[in-house]
Amino acid sequence: MNESKFVAEIKDLISLIESKNLTVKGCSVEQILYLERRYGELPKYYKLFLSLLGDMSGDFKKGTDILFKEIDDINECTIELMQENGINVPCEIFSFLLHQGYSALFFIERNDDPYVYCYTEGKEIKKTDYVFSEYILAEIDLYKKYQCCY
């Protein structure tokens with residue numbers, strides 16, 4: 001994924017959200033450093049996402065935990081969910097999204113743009129076809145298609 005295209009797509013999303021009089025705010029350098037102290041080095045594209053949209057994201061991903069303030073809970077709940085269901089927790093797991101407490105997205109690798117993995121309660125861990133940047137762009141496309149005009 002081209003970094004400038006990724007950033008431009010997120011900035012277009014931000015403009016769209018702000019046009020609806022909703023607030024968008026990226027994470028501070030200190031917030032990102034806090035996460036890296038707690039969870040180890042994070043992927044470049046995830047840090048770009050956080051820096052632009054990680055503190056407040058308007059109605060993007062509404063109903064799904066994805067923001068900085070939720071990251072600790074997201075990771076604790078993902079691990080707990082896996083353990084409760086007899087799933088071996090991957091060693092380098094970092095969960096960046098939790099949907100309704102039963103489905104989590106995470107990465108294991110810590111390269112610039114790692115593959116996204118999914119765990120849904122009652123199922124096995126699945127490696128998706130998306131790297132993180134592709135996942136975010138797909139979510140932006142869905143947002144534009146279904147939520148931009150409300």
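In this predicted model, glutamate 70 is buried but forms no salt bridge. The nearest side chain of opposite charge belongs to lysine 69, 5.3 Å away. That distance lies outside the 4 Å limit set for a salt bridge. Glutamate 70 sits in the loop that links strand S3 to helix H4, residues 71–84. Setting aside residues up to four places away in sequence, glutamate 70 touches Thr64 and Asp65. Strand S3 spans residues 64–65. Threonine 64 in turn stands opposite histidine 99 of strand S4.

Five strands make up an open sheet, in the order S3-S4-S5-S6-S7, with antiparallel pairing. S3 and S7 (126–131) are the edge strands; each has a single partner, so one side of each lacks a neighbour in the sheet. In general, strands of a sheet pair through backbone hydrogen bonds, in either a parallel or an antiparallel sense.

The pairings can be followed strand by strand. S3 and S4 are joined antiparallel over two bridges. S4 and S5 (residues 103–107) are also antiparallel, with five bridges between them. Within this pairing, serine 95 has phenylalanine 106 of S5 as its bridge partner. Histidine 99 is partnered by serine 103, again in S5.

S4 and S5 are mostly covered strands. In S4, residues 94–99, five of the six residues are buried. In S5, five of five residues are buried. In a regular strand, side chains alternate between the two faces of the sheet. In S5, Ser103, Leu105 and Phe107 point one way, while Ala104 and Phe106 point the other way. Residues of both sets are buried.

The turn between these two strands presents a contrast. The S4–S5 hairpin has three residues between its strands. Glutamine 100 lies in this loop. Its phi is near 55 degrees, a positive value in a residue other than glycine. Glutamine 100 is exposed, because its relative accessible area of 54% is over the 50% cut-off.

Lysine 61 also has a positive phi without being glycine, with a value near 65 degrees. This residue is found in the loop between strand S2 (56–57) and S3. Lysine 61 is buried, because its relative accessible area of 17% is under the 20% cut-off.

S4, S5, S6, S7 and H5 are the elements that give two or more residues to the lining. S5 gives the most, with three residues.

Helix H5 covers residues 132–146 and includes isoleucine 136. Isoleucine 136 is buried, with a relative accessible area of 1%. Leaving out neighbours within four places in sequence, isoleucine 136 is in contact with Phe6, Ile10 and Phe49. Tyrosine 146 is ten residues from isoleucine 136 in sequence. The C-alpha atoms of these two residues are 15 Å apart.

Key:
Residues are numbered from 1 along each chain as its sequence is written. This is a predicted model: local features need pLDDT of at least 70, side-chain atom pairs count only at pLDDT 80 or more; totals for chains, interfaces and linings use all residues. Side-chain values use heavy atoms; hydrogens and water are left out. Buried means under 20% relative accessible area, exposed over 50%, partly exposed in between (1.4 Å probe, protein chains only). Helices (H or I, at least four residues) and strands (E, at least two) are DSSP runs, numbered from the N terminus. Two strands pair if DSSP finds at least two bridges between them. Lys and Arg count as positive and Asp and Glu as negative; His and the chain ends are not counted. Contact means heavy atoms within 4.5 Å.
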